[in-house]
Amino acid sequence: MDLGICSPDAIWTDFNALMSDHIYKKIELVGTSPNGIEDAVNNAISRAGKTIRNMSWFEVAEVRGGLENNKVAHWQVTVKVGFTLDG
């Protein structure tokens, strides 16, 4: 019975084919939001998208928050964003 499960070798083969012949640069951004982590990430990526082309992935590197009166006042998220260099 086929459960639709791929072997690790098949996944890496597909990943390597997708990523072949690309050179990536990675930058670090810090986004903030009073509304949560996801909004902080989206704020960072949205702002970077105004000047950076070809962004294709991100990873969350660090999460911090600010407190006011013993309550979470805002979120600060450091993300690393990868983009392909123009060819």
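Modeller: Buried means under 20% relative accessible area, exposed means over 50%, and partly exposed covers what lies in between. The model is a predicted one. V60 has 43% relative accessibility, so V60 counts as partly exposed. This residue lies in strand β2.

V60 belongs to a nonpolar surface patch of about 320 Å², which is made by I37, F58, V60 and V63. Strand β2, residues 55–68, gives the largest share of the patch, 3 residues.

The setting of that strand comes next. The protein chain has 2 helices and 3 strands, and from the N terminus on the order of its elements is α-β-α-β-β. β2 runs antiparallel to β3, and 12 bridges join the two strands. Within this pairing, M55 has F83 in β3 as its bridge partner. The hairpin of β2 and β3 has 2 residues between the strands, and N69 takes a positive phi near 55° there. β3 also pairs with β1, again in the antiparallel sense, over 10 bridges. In that pairing V30 stands opposite T78 of β3.

In soluble globular proteins, nonpolar side chains tend to be buried together. Here the largest nonpolar core has 11 residues: I27, L29, A40, V41, A44, A48, I52, V77, V79, V81 and F83. Two or more residues of this core come from each of β1 (24–33), α2 (37–48) and β3 (71–84). F83, the bridge partner of M55, is one of the core residues. I27 is another core member; leaving aside residues up to four places away in sequence, I27 touches I52, V79, K80, V81 and F83.

Some totals for the protein chain complete the view. Of its 87 residues, 21% are buried. The accessible surface comes to about 6,800 Å², and carbon and sulfur atoms account for 52% of this surface. Among contacts between residues at least 6 apart in sequence, 60% join residues at least 24 apart.

To return to the part you asked about: the patch is made by I37, F58, V60 and V63, with β2 as the source of its largest share.

Key: Residues are numbered from 1 along each chain as its sequence is written. This is a predicted model: local features need pLDDT of at least 70, side-chain atom pairs count only at pLDDT 80 or more; totals for chains, interfaces and linings use all residues. Side-chain values use heavy atoms; hydrogens and water are left out. Patches are made of residues with over 30% relative accessible area and no salt bridge: like charges are joined within 9 Å, nonpolar side chains (Val, Leu, Ile, Met, Phe, Trp, Tyr) within 5 Å. Accessible areas come from the Shrake-Rupley method with a 1.4 Å probe; for residues, only the protein chains shown count as cover. A salt bridge is a side-chain nitrogen of Lys or Arg within 4 Å of a carboxyl oxygen of Asp or Glu. Helices (H or I, at least four residues) and strands (E, at least two) are DSSP runs, numbered from the N terminus. Buried means under 20% relative accessible area, exposed over 50%, partly exposed in between (1.4 Å probe, protein chains only). A nonpolar core is a set of buried Ala, Val, Leu, Ile, Met, Phe, Trp, Tyr and Cys residues joined through side-chain atoms within 4.5 Å. Contact means heavy atoms within 4.5 Å. Two strands pair if DSSP finds at least two bridges between them.
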